[in-house]
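I opened the model to look up two things.

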Amino acid sequence: MTLSSHLPMRLLAILAMAAAPVTVVLALGYCHDPVEHESERALIHRQDDYVGSAACASCHPDQHASWARTFHRTMTQRAEPQNVVGAFDGRSVELFGQRARPHRDGARFLLDLPTAGDGVRTAEVALAVGSRRYQQYFEKIERPDGECFQRLPLLWHVGAQRWMHLNGVFLEPDDDNWSKHASIWNENCIFCHNTGARPGIVDLTTRADPSRRAYDSHVGELGIACEACHGPGGAHARAQQDPLARYAAHQQGVATDIVHPGKLDHERSTALCGQCHGQRLPSPHERIAAWLQTGPTFRPGNRLVEHVEPLSRDTPSLTEDHPTLFADRFWGDGTARLTAYELQGVTQSPCYARGQLACSSCHVMHGGDPRGMIEDELRGDRACTQCHAAIGNDVAAHTKHAVGSTGSQCLDCHMPRTVFGILSIHRSHRIEVPDPRRDGEAGRPHACTLCHADRTLAWSAQAMDRWWGGGKGRYQAPAQRPDGVALDVPDALASLLAGDAVQRAVYADALGQAGVAVATRDGAALRVALIATLFDAYPSIRYLAAQSLSRLEAEAPAPMRAAIAAFDHTAPAAVREAHSHTLFQEFAAHAAPRFGAASSPIVRADFTPAMDVIVALLNKQSGRVIAIGE
C-alpha cells in the first residue's frame, strides 16, 4: 500500500508550501476569549489542552504585553477596522485591462472583482493575514460540508502603500489569470500562521474534486501566540491556580508543566522557530493524512526531526509535471534561496553543527524591534563577536576593509542577502565563509560581487587568496558558470541579466544598496543594468530593479527622478517598454557630468546602452518558473 494510491498528489504538496495567510478561533480557557461573532461559533473551540494567550496574561502581564507588540500576534486577524491596514477607499486597481475596487460598507471590507464575461462579483473580507510588509485578505466560502477561506487576488503592500495583484509579487512571469493564487487557507496557511492548527480536511481519499472538499478547521488561537513556543498551557494553567504550586515553581525557578525556551538545548530551542521557519514534510510521509486532519504532531520541547523532514534540494518532487519542485528552492550546493527555509540554513551552519548557535542567539521574542525580533546591538557585528571575541577586538584586521564600511560588516560577508521573499531580499541563514568557486559553480550570488558589482569572480578569488589564503591558491575562480556566461563578465551584471529568476531578483535588489554604489567604480553600469532589468518578464524583478534605481538616483536631475517614480511594474508591456526607453534617454542625457567616462561593456561611450551585449546576456536566461510555495 502506497501513500500516493490513497491521497491526491496536490494534498501531498500542500505541506511543503510556505504559509500564506489566515485562521479562525478564540475559545474556551481559564481566561476566556470572548466569542464576538455568532457566525464563528462553529470554528471557535480549542483542543489538545490549548487555552489561549488570555490565560497567560493574568500571571505574565509583561511577557504578554511584549508579545502583543509583535507581528506574530497579528499574523492572522479578523477583518475588523483596527486590524485592516489596506486602503479600502473605493479607488480601482487595474491589471491586464481588468479592474478591482476595494471599498467599505460600514465595518465590512469589500472587493469588487472581475469575473468571466466582463461580470463583477463582490467578495467580503473575513480574515487578514500579515501586517508588517504586506497584508493579504481571505473571503469565507460556505459549502454544504463546511466553510473554508479563500485568498483574494489583491494584497496591500505596507512599504509601498499601494495595492498589488498577487500575480505581480511572486517569482513568475506576467499572468492575466486573476484567480491563479486563490489558495485555500484551510489547506496551507493554517499550519504556520496560527497556533494549535487542526486543518480538519475531511474525506481526503474520496474527494477528487478540490471544489467539493470538506473542511472542519480549527486553531488554538489566531496568529502565533504563547503556546506556539511554550506548548499547550492547560496543565500549567490548572496547576498554577494553586498558590502553593505557584510558590514552589517560583522557588525552583521553573515550572515543569510548561516549556521555557531559554532552558532548552540549542537543537530543541531552534526547533521552536523551525517548526514554521523551515519548510518540511511529515516524517514519515505516511503521517500526512493525520497532518491534514488533526495537524502537526510537534510540540515545544520535542526534537523536531522526530516529527518532520526538512525539505532539501534532494527531496523528491511530489508532482510529476514539476520534477524540480523542491530543487529550485535551493542554490546548487543545497543552500536555501527562499524565505521560510531559515531552519535549513541555521542547521547547515558550522556555528550550529559544531557549536551552540540557536535562533535565540540573535533573536528575542519578548524584546527588541518587532521588525525582526532583534535587539539593536545584534543587528551589527555584535551578532558574531559575542562568540568570536578575538575578531571583535580588531575587526579591520580580519576583514581587510575599513571599519564601518560594508566590507567590514560580519553579516554582509557571512550572511549575505541572497534569499527571496515577497518583493524583498533577506539574509541567508547559512552562516559560512564566502567562496568564489563554490558560489559561482552553484549559481549563488557571491558576497564580494554583491558589493563590487563591476568585478569578476576571478578578481574576488585573487583578493581572497591574497588576504585570507596566504597566496597558496586556497580560493579559486569557478571553472564555469551554470548559465554559460563568460567568466570575464562582471558577476553581478551576468547574474542580473542572464541568471535565473532568484539570481536576477537578488542582484536587482543588491545594485541599489548604498555599499554597492561606493564599492563599484562604474556607476553608469549600475544604472544601465537596472534600466535594462525593467524589461524583465517577471514583475517582482522589475519592482526590485525600480526600487534600486530610485535609491541610486535619489539625487539625479528632476526629469530622471520623475520618470523613475512614474514607472509601474505591473503596467501593460507596451507602456513599460516605452517608459524604460525614456529612462535610457534621460540617463544618457545627463550622465557625462556625473560619471566622466563609461567603462562597462554594457554602456557605450555616449552612455547609451550597448543593446547587443545586453541582449546576448538576456538570451541566456532560464525561463523555468520557480514554485516558491505561496
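I looked up the contacts of Thr 335 (contact: heavy atoms within 4.5 Å). Leaving aside neighbours within four places in sequence, I find Phe 330, Gln 348, Ser 428, Arg 430, Glu 432 and Arg 444. The model is predicted, so I note its rules: local features need pLDDT of at least 70, side-chain atom pairs count only at pLDDT 80 or more, and totals for chains, interfaces and linings use all residues. Residues are numbered from 1 along each chain as its sequence is written, and side-chain values use heavy atoms, with hydrogens and water left out.

I placed Thr 335 in the loop between β14 (308-310) and α10 (342-348). Helices (H or I, at least four residues) and strands (E, at least two) are DSSP runs, numbered from the N terminus.

Buried or exposed? I checked Thr 335. Thr 335 is buried (under 20% relative accessible area), at 1%.

I then listed polar contacts (N or O atoms within 3.5 Å; within protein, one able to donate a hydrogen and the other to accept it, and residues adjacent in sequence count only if both atoms are side-chain atoms). The Thr 335 side chain has one of 3.1 Å to the side chain of Asp 333. Another, of 3.3 Å, runs to the side chain of Arg 444.

Next entry: helix packing. I find α24 (558-566) and α25 (573-595) at about 160 degrees, axes 10 Å apart (lines fitted to C-alpha atoms over the stretch in contact; angles run from 0 to 180 degrees between N-to-C directions). That makes α24 roughly antiparallel to α25 (over 145 degrees). From α24, Pro 559, Met 560, Ala 563, Ile 564 and Ala 566 meet His 579, Leu 583, Glu 586 and Phe 587 of α25.

Methods: Parallel < 35°, antiparallel > 145°, perpendicular 65-115°, else oblique. Buried < 20%, exposed > 50% of the residue type's maximum accessible area, 1.4 Å probe, protein only.
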